[in-house]
Amino acid sequence: MILDTIARSAGKRVEQRKQVKPLEQVMKEAFKCREREGIKREDIKGEDGTGGGYSFKAALSKPGVSFICEVKKASPSKGLIAPDFPYVEIARQYQEAGADAVSVLTEPEFFLGADRYLEEIHGEIDLPLLRKDFTVDEYQIYEAKVLGASSVLLICSLLDMEQLKRYMGICGRLGLSSLVEAHTDREVAMAAEAGAHIIGINNRNLGTFEVDFTNALRLRKLVDRGTIFVAESGIRTPEDIELLAENQVDAVLVGETLMRAADKRQALRELKSQIR
Ligand SMILES: O=C(O)c1ccccc1NCC(=O)[C@H](O)[C@H](O)COP(=O)(O)O
């Protein structure tokens, strides 16, 4: 299955990086970033909502549907999506058109992402950033903080319960939000039991690539209203957004539709046109 291949590749990459920069070093750098936000290591309680940070969660907590717009050059299911890829400019256009957060693919092998995309976008854009990668090791969470992310992706099908809780705890201590991604009823239950504050339902089956837009609608009722609910993948039209809004979806994650649009500001404004 492709997801296992992507995860194995992520694991290998982490092991190589640890040879260059050990875990202790990247942890130190990440907590330095946290201290710059005014939170001292000894004061950190490790619960989501403690102290500063969490700008990603705040951005998705606004009334109405919030938009997480994705910067993605390629994907395993679609191949090369954006041969011309001025990533900072794309993120700037999202910001200008009213995005609430930006998702930046950093996975290099299957999505042609790069850490520097996240780092540079962080330097230029004010919106909270999601590091979109395949988290299989805590090392990647510390890296995400150093690169300027406000949030990391934790995919339930790649983690066991102990890992999920531990990684959420690390995010909490670093002031990062975790977007906990589920695709099935069982994974939603796992995310809820772990205490996820933000649950993303991927409409794409990451094993078969099949996209079923109704998956998020079907699973909506399993997530309580106090948890931020995000619909991900296969979102194409203003009518899709309208339907998701009617079903109390708090946020959407949109990639390909925007990435293929020649005028991204116009495309995002159009998607938002039927709501608010
Ligand atoms: O998109 C893929 O082909 C893919 C394959 C395997 C694992 C993850 C994959 N995509 C990540 C995502 O879920 C999307 O980038 C994101 O939800 C945006 O989806 P879309 O709007 O359909 O580009």
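Me: Which residue does Asp 185 meet in a salt bridge?
Reply: Arg 218. Their side chains meet at 3.2 Å, N to O. Keep in mind that this is a predicted model.

Me: Where do Asp 185 and Arg 218 lie?
Reply: Asp 185 is in helix 8 (residues 185–194), and Arg 218 is in helix 9 (residues 214–219). The two are 33 residues apart in sequence, so the pair ties those parts together.

Me: Is Asp 185 buried, exposed or partly exposed, and why?
Reply: Partly exposed, because its relative accessible area is 40%. Arg 218 also counts as partly exposed, at 38% relative accessibility.

Me: Why would side chains pair at all?
Reply: Opposite charges can pair when the charged atoms come close.

Me: How many salt bridges does the structure hold?
Reply: 24.

Me: What about Glu 107, which partner does it have?
Reply: Arg 13, in a salt bridge of 3.6 Å, N to O. This pair links distant parts of the chain, 94 residues apart. Glu 107 sits in the loop between strand 4 (101–105) and helix 5 (115–124). Arg 13 sits in helix 1 (residues 2–20).

Me: Are Glu 107 and Arg 13 buried or exposed?
Reply: Both are buried.

Me: New topic. What does Arg 236 form a salt bridge with?
Reply: Glu 256, with the closest N and O atoms 3.6 Å apart. Arg 236 is in the loop between strand 9 (228–232) and helix 10 (238–246), while Glu 256 is in helix 11 (residues 256–259).

Me: And is Glu 256 buried or exposed?
Reply: Buried, at 12% relative accessibility. Arg 236 is partly exposed, at 37%.

Me: Last one. Which residues are linked in a network of salt bridges?
Reply: Arg 17, Asp 115, Arg 131, Asp 133 and Glu 143.

Note on methods. Residues are numbered from 1 along each chain as its sequence is written. This is a predicted model: local features need pLDDT of at least 70, side-chain atom pairs count only at pLDDT 80 or more; totals for chains, interfaces and linings use all residues. Side-chain values use heavy atoms; hydrogens and water are left out. A salt bridge is a side-chain nitrogen of Lys or Arg within 4 Å of a carboxyl oxygen of Asp or Glu. Helices (H or I, at least four residues) and strands (E, at least two) are DSSP runs, numbered from the N terminus. Buried means under 20% relative accessible area, exposed over 50%, partly exposed in between (1.4 Å probe, protein chains only).
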